[in-house]
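Let's take a walk through a protein model together. Have the picture ready, and we'll go one piece at a time.

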Amino acid sequence: MSSTRTRTAAPAPRRTRGSNLSAPAQFIKGVGPARAQQLARLGLHTVGDLLYHRPHRYEDRSHLASINALIPGEKATTLGTVVAVSERRHGVYQFHAALSDTTGVLQATWFGQRYLRKMIRRGMRLIVHGKVERVGGLRMTVEEFEVLTGDEEDRLHTGRIVPIHPATEGLSPRVLRTVIAAALTSVASDVPEILPDGIRRRHALMDRAAAFHALHFPPTWGEEERARRRLAFDELLILQMGLLLRKRVFEAIDKGFRYAPTTTLLTRFEGTLPYALTAAQQRVIQEIADDLQRGRPMHRLLQGDVGSGKTVVAAAAMALCVGGGYQGALMAPTEILAEQHYLTLRPLMEPLGIRLALVTGGGRQRDREAIRDDLRTGTTNVAIGTHALIEEGVMFHRLGLVVVDEQHKFGVAQRATLRQKGFHPDVLVMTATPIPRTLSMTLYGDLDVSILDEMPPGRGVIKTYVRGPEKRPEVYVWVNEKVRGGHQAYIVCPLIEDSEKLQAEAAVTLAGRLQREVFGEIPVGLIHGRLRPDKKDATMERFRLGEIKVLVATPVIEVGIDVPQATIMVIEDADRFGLAQLHQLRGRIGRGSETSYCVLLADATTDAGRSRLQTIEKTRDGFVIAQRDLELRGPGEFFGTRQHGLPDLKVADLIADARLLEQARAEAQHLLGDDPELRRSELSGLREEVTRAFGRQTEAVSAG
Ligand code: ADP
Ligand code: MG
């Protein structure tokens, strides 16, 4: 569970009638301030958080294997009394304890945990879990263990199926088990049922209070999954109800302005393009044009694989908007990309009398103010920029259309802030991430979706190769030859997460080395997140013009960069990147008609790692890659609910619970159809939960 979860943004949890779930964890017997702080580090702040803290596995301690029944080669759990301890101090520290029961002796070993010598003594009773081997006698490398205290409390930890919870330093599974058991007791008679009987019966769902109990302490195998299913259903139902309500609120909005049905500017815009729009682009532009003329604001997602030509669709939408007398704003996640959009769109739009401005963090104060003035007075028609667009000082005269490029790179709040610069403007968000249907139904349940399912014609093939690190010198000799033959290449540095500084340093080092050792007098350019914006622009410009042949870059070029004549990409330590990211990176080449080459340098030692890279090697289809990514990683952050402004799911899994999700959706539609305001008393608990999860987004109903 992520420790970065913050609760500040959530509406203050109100103690609701009959529910103790939102009481602070300290409310639980045996939890003092120190323990509460440890729990907080795991994101466990309230009683409810504890009840939802799912065990990562369970252990059947109702019949622990006796020592002589342990099977070498298998993982097992057993219980024994410590009869001797010893340690080995040279080399990697090892701690040994000989455990005995009535049937035999087991040598238990721990690696590198010196504190054990102070903790484990002769005569103690231990439960140990780990892999058993026979080396002379029976041995076990211990992964988890617990010391039994011998008193009443042990009954929680032995003789039953026990939960093993995700733990952390100072908070062992045993402590968590104790705290969660106390939490369950504290609310035992006080967990309100929130589902109407009919729904529970229809889907064979257990009672809510029983579900919390069985999730942690299943009386028999299988009950833990029934419990999880019940609680997952709640989450999915609440999610679906919130989405439907949100959509309803949204659809009731009148944007308060109408576009005259003029497409003159659009037609002229299409005339200035150096190419003909694809059929898919034309269709999507028409969908957008129809939206713009409606009374309620557009709320549309444009999905199109890397290179499918989303930018020009955004530009067409803005031409329509400006033609109708309003301003447009296009927000991109990086300065390099914003700058590029500005450079490509300016020559297309300015001849039509559309005035563009670039709004980024850099530049001189005086220039920035001039740009802001022009936006405020309406002199500028279209603003293209980074998150600098959402700064407080940026104001629009009449903002009618907001476009967010690479929308998954922005948080919900950022997108909302930009929207609030206008009065219910039309919104178009764009993404290259293809999303399976069950997911899009949920994550984008309140958006209309347009899909660019056709690539512009004349794209060359990309040949992709995976090469081990020993081939690195050869690869660069080959790149050098290609470059001398007139090609342009990207070299992407290894990914270093969480430190822009280290990432930048890695790029500087790599560029220096390649310049010296490989490319000689051929200039190697360098681009990373810490360069001054003007420096970045200058380098990108020189690469575009072909003055720089080799561009060493941090993964910032991942998003959106478009230099069609660049045909070679080498990705260093490719195994460190996710599939989606590799796909995005590779999408920088293969944009012209020539054949492109992508070399993934990788030391893929695991099967999963190899299989991922093979996926990239074999296909260029973003949808296939996303599916594969999903199978390998689970929904992960790309498809995370939080990122879409939806409540966290603690037990439900949008992929694995797809069927449950559809059932919940059907019930949500049914409930809201019958009782749009959720006034029936048996729905009051559910209504509270929806309001709690979605806050003000469903206000029209909670106010009603
Ligand atoms: P993405 O969807 O990844 O954002 P871009 O908008 O960057 O793709 O477009 C990729 C490239 O395709 C650009 O060089 C753009 O000029 C070009 N392009 C877009 N539409 C067409 C078209 N209909 N015909 C030819 N080239 C096109
Ligand atoms: Mg793009």
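Contact here means heavy atoms within 4.5 Å. Helices (H or I, at least four residues) and strands (E, at least two) are DSSP runs, numbered from the N terminus. This is a predicted model, in which local features need pLDDT of at least 70 and side-chain atom pairs count only at pLDDT 80 or more, while totals for chains, interfaces and linings use all residues. Residues are numbered from 1 along each chain as its sequence is written, chains are lettered from A and ligands numbered from 1 in the order in which they are written, and side-chain values use heavy atoms, with hydrogens and water left out.

With that in hand, go to helix α19 (residues 579-586) and helix α20 (residues 607-618). In α19, L579, L582, H583 and R586 meet R612, L613, T615 and I616 of α20. By class, that contact has four nonpolar, two polar and two charged residues (Ala, Val, Leu, Ile, Met, Phe, Trp, Tyr, Cys and Pro count as nonpolar, Asp, Glu, Lys and Arg as charged, and the others, Gly among them, as polar).

How are these two helices arranged? The axes of α19 and α20 are 10 Å apart, and the helices pack at an angle of about 30 degrees. Axes are lines fitted to C-alpha atoms, for helices over the stretch in contact, and angles run from 0 to 180 degrees between N-to-C directions. So α19 and α20 are roughly parallel to each other (angles under 35 degrees count as roughly parallel, over 145 as roughly antiparallel, 65 to 115 as roughly perpendicular and the rest as oblique).

Now try another pair, helix α7 (residues 208-216) and helix α8 (residues 223-251). Their axes come within 8 Å and cross at roughly 130 degrees, which makes α7 oblique to α8. On the α7 side, the contact is made by R208, A211, F212, A214 and L215, and α8 brings residues including E223, R228 and D234. Sorted by class, this contact has six nonpolar, no polar and six charged residues.

Strands come next. Strand β3 (residues 94-100) and strand β4 (residues 105-111) run antiparallel, joined by seven bridges (two strands pair if DSSP finds at least two bridges between them). Four residues lie between β3 and β4 in this hairpin, and A98 has Q107 in β4 as its bridge partner. β4 also runs parallel to strand β6 (residues 137-148), with four bridges joining them. There, A108 is partnered with M140 in β6.
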